[in-house]
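Subject: Structure handover

Hello,

Here is the structure I promised to pass on.

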Amino acid sequence: MVMEDPEAPHHMLLLRNFMSQGLVHHQPLIYASPAKDPRGFLGTLPNPVGPKEDKSRVHETEQEKLRIAWQYKKYSGEHSSDSRRDGKSEFCSDFDLRKPLERHFFSGQLIDCVTLNDSADLASFHQRCSTFLSQTPRTNENMTGGRIAIQSLCSPQCEFSNNEWEMLSFVRSLKSVLRLLNGVAVLTFPPSLVSETFSKRMQHLADTLVSVKAIPDEDKELAKLLTGYQDMVGLLNVHKVARNNTQVPAILEATTFSMKLHKRRSLVLECLNQAPVDGSSGTSYGSSGTCSSGSSKAGGTLDF
């Protein structure tokens, strides 16, 4: 479940990647939206990044990690430029937002688009989802179920947007269907357009809960605190991670990630890295102090 930001449509980036990923791996897809013509959204899905482009992106990323000593991590062996191993297709998660998904990814696919604009209730849509997932082909080698992408469930354009209990019941029933038929769904909703009580109940029903938030274009304070601020388009916060059949909570190394568009084409999520702080002045290295050669003077510039 993704909580939308009223200031920017960053949730649409996550939806596009989620839908393209399913189609590239030949997984059935159903897309629901308050728009009158949801099928037109398929034309905005990104195309997978080619092997050559992926190799250059990985090389640049590794070089950037080496240039910043305090941000240095083990990088060797973490990336592979080969898209196939042992004749089997590798899992794809890199997409070029500038290029629409090629037509051959749509051919022969089980795709359904549903508009929620004219729906008086969610009962028919729930039945449609159940029927769709039950038609998913299953073999011993491929037990992957279908994907469901639901955009702005609580949008005012939907007639059922005032019936909070019906929407909660739908989400609860959809979770049961997904677990039974081995499917996965991404649902977005705008917390700013619903009551706080309803928003909390929706968050409680989510297996995995994230929120997206836009960042100001020119915030000098944030620019001093965060590295790579100029490349960021937003922030992604992880509030809850799915933990089935266990009572042990998941402890993440990081819960806030920066959303970046690498070369304005590929969506990249990175852990937030705070700029190192100078202990003597309490300010960031990137915002104060200079380096020079020559004799050291009291109160002067730093000498190396």
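Two terms to start. Helices (H or I, at least four residues) and strands (E, at least two) are DSSP runs, numbered from the N terminus. Axes are lines fitted to C-alpha atoms, for helices over the stretch in contact, and angles run from 0 to 180 degrees between N-to-C directions.

This is a predicted model: local features need pLDDT of at least 70, side-chain atom pairs count only at pLDDT 80 or more, and totals for chains, interfaces and linings use all residues. Residues are numbered from 1 along each chain as its sequence is written, and side-chain values use heavy atoms, leaving out hydrogens and water.

First, the helix pair. Helix 3 (residues 123-134) packs against helix 4 (residues 164-180) at about 10°, and their axes lie 10 Å apart. Helix 3 is therefore roughly parallel to helix 4 (angles under 35 degrees). Contact means heavy atoms within 4.5 Å. On the helix 3 side, the residues are A123, F125, H126, C129, S130 and L133. They meet E166, F170, S173, L174, V177 and L178 in helix 4.

H26 is not a glycine, yet its phi is positive, about 60°. H26 sits in the loop between helix 1 (10-24) and strand 2 (29-33). Is H26 buried or exposed? H26 is exposed, at 58% relative accessible area (exposed is over 50%, buried under 20%, with a 1.4 Å probe and protein chains only).

S152 also has a positive phi, near 50°. S152 lies in the loop between strand 8 (147-150) and helix 4. S152 counts as buried, at 10% relative accessibility.

Best wishes

Definitions and conventions
Parallel < 35°, antiparallel > 145°, perpendicular 65-115°, else oblique.
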